[in-house]
Amino acid sequence: MFAPCLEALHRKKPMIHAISNYVTANDCANMLLACGASPIMADDPGESAEITALCQGLAVNIGTLHQHTVPAMIASGRAANAKGIPAVLDPVGAGASKLRTVTALQLLREVRFDVIRGNLSEIKTLALGSGATHGVDADPGDAVTGETLPAAVAFVKAFAARTGAVVAVTGNIDIVADGSTAYCIYNGHPMMGRVTGTGCQLTCLTAAFAAANPGHLREAAAAAVCAMGLCGELAHRRLGPLDGNASYRNYIIDAVYHLTPEQLEEGTRYEVR
Amino acid sequence: MFAPCLEALHRKKPMIHAISNYVTANDCANMLLACGASPIMADDPGESAEITALCQGLAVNIGTLHQHTVPAMIASGRAANAKGIPAVLDPVGAGASKLRTVTALQLLREVRFDVIRGNLSEIKTLALGSGATHGVDADPGDAVTGETLPAAVAFVKAFAARTGAVVAVTGNIDIVADGSTAYCIYNGHPMMGRVTGTGCQLTCLTAAFAAANPGHLREAAAAAVCAMGLCGELAHRRLGPLDGNASYRNYIIDAVYHLTPEQLEEGTRYEVR
Amino acid sequence: MFAPCLEALHRKKPMIHAISNYVTANDCANMLLACGASPIMADDPGESAEITALCQGLAVNIGTLHQHTVPAMIASGRAANAKGIPAVLDPVGAGASKLRTVTALQLLREVRFDVIRGNLSEIKTLALGSGATHGVDADPGDAVTGETLPAAVAFVKAFAARTGAVVAVTGNIDIVADGSTAYCIYNGHPMMGRVTGTGCQLTCLTAAFAAANPGHLREAAAAAVCAMGLCGELAHRRLGPLDGNASYRNYIIDAVYHLTPEQLEEGTRYEVR
């Protein structure tokens, strides 16, 4: 089911404008190159909209938020909306500071995001207007388990319906939903949490899948989440006894580089709710 | 003697606010994750104090100094002081430009740093008010040898006494001292100087050790310096014939990921003066 | 012919001031350390000229251009000119936005660059005053083939004559020329395009070669381009079946770390036109 999404990505090689953060920008760029897309990073208000207009997708990430970059994010978001290309929001750390919460909410008001990807604490913050995000990680109380999954799915669908976006909540179990249908995804490995920026990279990967599959955003986002999780599993199997989180980081990107549509099709583990 | 410090770090998993630089921020984040801590990077004056207040430790690094970030550094330093959590200063390149020297001195005046970590040229600059740092490396005339060690130890203790901070001077021989006692540490490998940001990473590691051992800052800082040096040695032994400084960089972080309290206890080489 | 250039670089270990971008700064720093140089990154107008004056070479890169950094670029360029040390320009994405085009042209007016390195679309933009760069990659119509090589060589020589700079155009076939002589270089591997920042890294490597060989800038720039391409080949041979672009990135830097003058001499493939 997701194989055609990856085939389209490999075939179309979309150019993605990423307004990223300085901690993970390099990994984001290499992740985009790994999946066959082409990255361009630009966050000065004097050029950001023009750069977006060259591209087939936009990813906006507030991971090291600077107030003077917010106008660039808005201008690029509007340029993406005007051109009709997918815009993806990663509200990193929304709930951890007022600035991040307020900025994420402002972005949601001024730009129509096609996909929103974050952890459950971040997404709850967007939905409720305030939150208790544990730094850049989800609050431990927000872990999704088998027991809390139905409520989480209902919450994600409702937020998707309200915003009109596909919402991708990643965690122990990932949930990708629009207002009507949710994919619950079981791929991934806990060690991914020991590599900085796997969420940021996934956001870029999601923008690439969405850019290549603009008519099927829910499937595209779910394919990206499955691909990232599966590559986390494949990379984990490759670890030698001395390999730690730095080697793991490289192996995850390497795995995306080699990922085939067939591998993705066979390796995904999800259910539809 | 340092094993309990690492045990506490693994157990407490402190969240560390790192105001880093854009060259080494990714490695700093992965180093913090490797040792069991959790990183958050934020350097906008509009949120930095609030982010610090969420954390158990703060690391401030002036490696790619921007004037508009200095208020964020001061606000975060004061928030750390107010909350009573360890604040660590890395005065990268103090002595190499007036801006860095003046900023480092300003930070020392406005914030009470619990640990200051730098090379000897940087620390001399702080102590004397001006310096001759060789870019971001120590001036060759500032190399610590067996012969110059006693004078260097006396200098570091005096500066520690004057500032009330634990001072960690890293180089060929590392010196970690408060006003009364110095650890002279012989771990490490010269090739670490061929990897960018090993100093920045050590500063973050020091903040993590300090955050997990707030009652024993001198031991915590010495444990961090020993751990970094030991992991430099372990990673060097792992190098294959084609591995250079890029692979070495990954292996050092990998070694921290796997470092056990027992390994640290057995592998440290130091004397107390 | 290029062996003495690398020998000089290994012997002199120049300090290079890199005004880079936040996507590739870490790789640029490790590339400089790999070749034996010493990097310092600084882009605040309050210190940039002072930092340049400490160094033996300057590399200016507009990869994530911020308007407030432009004065730092100009001040550093003038400091390099005043001191008589090589200044290298990498006009990343010139032609992709007005801001980048205008800034690159302004830099060319206000600073005398000794070497300009970019892809053909970027260099055409500088020559013609406007362009159609495909994001940060060359426009596909600008690919240099055997057929278009003579015209491309003539164009590069003419632009070099007009600017007084050595011009290094990298692509499928690389061209390094001053007004009279061009090296056409056949080293490299297409997979280098799947690693972010190989161009940025080459610009820094070029600054290092130029700083160590200030009397032979054309040879120095050609040696840097050959070295980067050759290391791309060596690193590609090292790839295992699971290695992708992330491991490749490390292996390229590793290969530069180990590159000997003899290897460079034997491995280069070029012709003089």
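**Notebook: chain contacts in a predicted three-chain model**

I began with the contact between chain C and chain B: 31 residues of chain C touch 33 residues of chain B, contact being heavy atoms within 4.5 Å. The model is predicted, so I note that local features need pLDDT of at least 70 and side-chain atom pairs pLDDT 80 or more, while totals for chains, interfaces and linings use all residues. Residues are numbered from 1 along each chain as its sequence is written, chains are lettered from A and ligands numbered from 1 in the order in which they are written, and side-chain values use heavy atoms, without hydrogens and water.

**Interface of chain C and chain B**

I looked up the area next. Chain C and chain B bury about 2700 Å² between them, with 46% of it on carbon and sulfur atoms; buried area is the accessible area (1.4 Å probe) that two parts lose on being put together, summed over both. On the side of chain C, Asn26(C), Asp44(C) and Tyr257(C) lose the most area to chain B, together 19% of what that side buries.

I then checked charged pairs. The rule finds 3 salt bridges across this interface of chain C and chain B, a salt bridge being a side-chain nitrogen of Lys or Arg within 4 Å of a carboxyl oxygen of Asp or Glu. I noted the salt bridge between the side chains of Glu50(C) and Lys98(B), at 3.8 Å from N to O.

I also looked at Thr196(B), which sits in the loop between strand 8 (182-185) and helix 8 (198-212) of chain B. Helices (H or I, at least four residues) and strands (E, at least two) are DSSP runs, numbered from the N terminus. Thr196(B) counts as buried, at 11% relative accessibility; buried means under 20% relative accessible area, exposed over 50%, partly exposed in between (1.4 Å probe, protein chains only). Leaving out residues up to four places away in sequence, Thr196(B) touches Asn26(C), Ala29(C), Asn30(C) and Leu33(C), and also Val23(B), Thr24(B), Asp27(B) and Gln201(B).

**Interface of chain B and chain A**

Here I found 30 residues of chain B in contact with 33 residues of chain A. The area buried between chain B and chain A is about 2700 Å², and carbon and sulfur atoms give 47% of it. The rule finds 3 salt bridges across this interface too. I recorded Arg100(A) with Glu47(B), a salt bridge whose closest N and O atoms are 2.9 Å apart.

**Symmetry**

I superposed chain B on chain A: a rotation of 120° with 0.0 Å of shift along its axis does it, RMSD 0.0 Å. That is the relation of a three-fold axis. In chain B, the C-alpha nearest the axis belongs to Tyr22(B), 3.2 Å from it.

**Annotated positions in chain A**

The unreviewed UniProt entry carries a "binding site" annotation covering Met41(A) and Gly197(A). Positions are in the numbering used here, feature names are shortened, and annotations may be inferred rather than shown by experiment. I placed Met41(A) in strand 2 (residues 38-41) of chain A, and Met41(A) is buried at 5% relative accessibility. Beyond its neighbours within four places in sequence, Met41(A) has contacts that include Ala18(A), Cys28(A), Val23(C) and Arg100(C). Gly197(A) lies in the loop between strand 8 (182-185) and helix 8 (198-212) of chain A and is buried at 13%.

Note on methods
Copies are superposed by least squares on the C-alpha atoms of residues with pLDDT of at least 70 in both.
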